[in-house]
Amino acid sequence: MKYEWKPSMSVNENKIDSQHKRLLAQIAKLEKNIASRNVNMGVLRDTNHFLYTYFKEHFTYEEKYMGKIGFPKLEQHKKVHQSFIQFYDGFQRELMEKARARSLTSFDVKEMVVKIKKYLAEWLVDHLMKMDQEYARFAKRIK
Ligand SMILES: [Fe+2]
């Protein structure tokens with residue numbers, strides 16, 4: 001799969017579209033690194049840092065937008081965002097524990113990079129193509 005933003009993914013809101021583009025670019029970068037076996041602690045740290053700032057900013061903005069347009073499934077959508085945050089927290093905890101115990105081998109690093117990329121790719125791409133389209137369709141109806 002190509003991690004490229006397509007016009008069919010648009011939610012007709014510029015800031016959210018550009019946030020989704022950044023996420024897809026990050027996944028594409030990860031995939032490239034994995035394919036070229038260029039996976040190291042720097043890649044893992046970079047990904048982790050990206051996600052930490054990205055999701056706080058993106059989910060908050062998206063939830064505010066859904067509230068603003070009166071999207072009726074806001075609470076349901078928030079729960080899905082929450083489940084991602086839970087996954088990410090677990091991922092971060094695992095990383096921190098391993099780093100603290102100094103038991104983070106290059107094999108672990110690779111495994112964790114693959115794990116986060118797989119999760120992002122399967123879960124989030126599906127999320128932004130299906131669930132995010134629901135509020136986009138709703139916004140179109142009320143315009
Ligand atoms: Fe969303």
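1. Contacts along the chain. Among contacts in the protein between residues at least 6 apart in sequence, 78% join residues at least 24 apart; a contact here means heavy atoms within 4.5 Å. The model is a predicted one, in which local features need pLDDT of at least 70 and side-chain atom pairs count only at pLDDT 80 or more, while totals for chains, interfaces and linings use all residues. Residues are numbered from 1 along each chain as its sequence is written, and side-chain values use heavy atoms, with hydrogens and water left out.

2. Overall architecture. The protein has four helices and zero strands, in the order α-α-α-α from the N terminus on. Both kinds of element are DSSP runs numbered from the N terminus: helices are H or I runs of at least four residues, and strands are E runs of at least two. Taken along the principal axes, the C-alpha atoms fill a box of roughly 55 × 30 × 20 Å.

3. Of the 143 residues in the protein, 43% are buried (buried is under 20% relative accessible area, exposed over 50%, partly exposed in between, with a 1.4 Å probe and protein chains only). A nonpolar core is a set of buried Ala, Val, Leu, Ile, Met, Phe, Trp, Tyr and Cys residues joined through side-chain atoms within 4.5 Å. The largest such core has 29 residues, of which L23, F55, F84 and L120 touch the most other members. The elements that give two or more residues to this core are α1 (14-35), α2 (41-68), α3 (74-100) and α4 (106-142). Its largest share, ten residues, comes from α4.

4. Leaving aside residues up to four places away in sequence, F55 touches L23, T60, F84, L120 and L124. A second, separate core of eleven residues includes M66, Y135, A136 and F138.

5. The iron site. The protein donors of the iron ion are E62 (OE), H77 (NE2), H81 (NE2), H127 (NE2) and D132 (OD), at 2.1 to 2.4 Å from the ion. Donors are N, O and S atoms within 2.8 Å of the metal (3.2 Å for Na, K and Ca); water is not among the atoms, so sites may look incomplete. Along the chain, the donors follow the spacing E-x14-H-x3-H-x45-H-x4-D. H77 counts as buried because its relative accessibility is 1%, and D132 counts as buried because its value is 0%.

6. The largest pocket. On a 1 Å grid over the protein atoms alone, a cavity is a set of points where a 1.4 Å probe fits but cannot get out, and a pocket is an open set with protein on both sides within 12 Å along at least five of seven lines; lining residues have an atom within 4 Å of a point. Grid points are joined across faces, edges and corners, and a volume is the space filled by probe spheres set on the points. The largest pocket holds about 180 Å³ of space. Residues lining this pocket include L51, F55, E63, F84 and Q92, and α2 supplies the largest share, seven residues.

7. The largest cavity. The whole structure contains one cavity of 30 Å³ or more, and the volume of the largest cavity is about 40 Å³. Among the residues lining this cavity are F55, E62, H81, H127 and D132. Helix α2 gives the most to the lining, with five residues.
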